[in-house]
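Student: I would like to go through the charged side chains of this model. Could we begin with the terms and then take the pairs one by one?

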Amino acid sequence: MTTRRALVVRGGWEGHSPVEATELFIPFLEGNGYEVTVSDSTESYLDLDGTDLVLQCVTMSEIDADHFKGLEAALRRGTGFAGWHGGIVDSFRANADYSFITGGQFISHPHGFTDYRVDVVADHPIVEGITHFDVHTEQYYVHYDPTNTVLATTTFQSHPDYPWIEGAVMPAVWTRTWGAGKVFVCTVGHKLDDLEVPEVRTIVERGLLWASK
């Protein structure tokens, strides 16, 4: 059996616990036959030959133009790209082309930490057997690409400063493609215990495998 290769890239804003959060999933990848390499720099995107999956957890920060080109080219060739929360949809804000790849960009979490429901809205292996789940964490309001395949959504309550968001149905889990590569995004995951919610953990694990070559 050929061993697949996964690259975990982590860093940026420490509030999302990039090291601890990604450590939750490295044993899962190894248990599914991946050789896992960990990097704290996007410089690793300069050489993605033979990489089947990139798991990224880098909030905000900046990406060198050559590093971005390396990532983009690898995805076009078929490398998978996956992540959660700000580690994937609040990365490299100055690079609009990066947001084109992810299919969404974090805008706000108006209610801060709040109780909300995530509803599964698609028939897909990533969410099979899950109808909905409830969390208490940041609810991400995103600007998103209409070509995404949305797997789960969340509905916003009104906010005194943003009354227009009442009833807004926002994607919370989605997939898309970039060339031959597959992209998986879950917007839940601000804190470690979010990622331990059984449904969230299952969705992320399945999403990693789905995105991989």
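Tutor: Buried means under 20% relative accessible area, exposed means over 50%, and partly exposed lies in between, with a 1.4 Å probe and protein chains only. This is a predicted model, in which local features need pLDDT of at least 70 and side-chain atom pairs count only at pLDDT 80 or more, while totals for chains, interfaces and linings use all residues. Residues are numbered from 1 along each chain as its sequence is written, and side-chain values use heavy atoms, with hydrogens and water left out.

Student: How many salt bridges are there by this rule?

Tutor: The count is 10 salt bridges, where a salt bridge is a side-chain nitrogen of Lys or Arg within 4 Å of a carboxyl oxygen of Asp or Glu. Side chains of opposite charge can pair when their charged atoms come close.

Student: Which residue does Glu23 pair with?

Tutor: Glu23 forms a salt bridge with Arg10, and the closest N and O atoms are 3.0 Å apart. Glu23 lies in helix H1 (residues 18–23) and Arg10 in strand E1 (residues 4–12), so the pair ties together parts that are 13 residues apart in sequence. Helices (H or I, at least four residues) and strands (E, at least two) are DSSP runs, numbered from the N terminus.

Student: Is Arg10 buried or exposed?

Tutor: Arg10 counts as buried, at 14% relative accessibility, whereas Glu23 is partly exposed at 38%.

Student: What about Glu72 and Arg76?

Tutor: They form a salt bridge with the closest N and O atoms 2.3 Å apart. Both residues lie in helix H3 (residues 65–77), four residues apart, about one turn of the helix. Glu72 is buried at 15% relative accessible area, and Arg76 is partly exposed at 46%.

Student: And Glu205 with Arg201?

Tutor: Their side chains meet in a salt bridge at 3.0 Å, N to O. Glu205 and Arg201 are four residues apart in helix H7 (residues 198–211), about one helical turn. Glu205 is buried, with a relative accessible area of 18%.

Student: Changing topic, where is Asp90?

Tutor: Asp90 is in the loop between helix H4 (86–89) and helix H5 (96–102), and Asp90 is buried at 3% relative accessible area.

Student: Which residues is Asp90 in contact with, neighbours within four places aside?

Tutor: Asp90 is in contact with Val58, Thr59, Met60, His85, Gln105 and Phe106, contact meaning heavy atoms within 4.5 Å.
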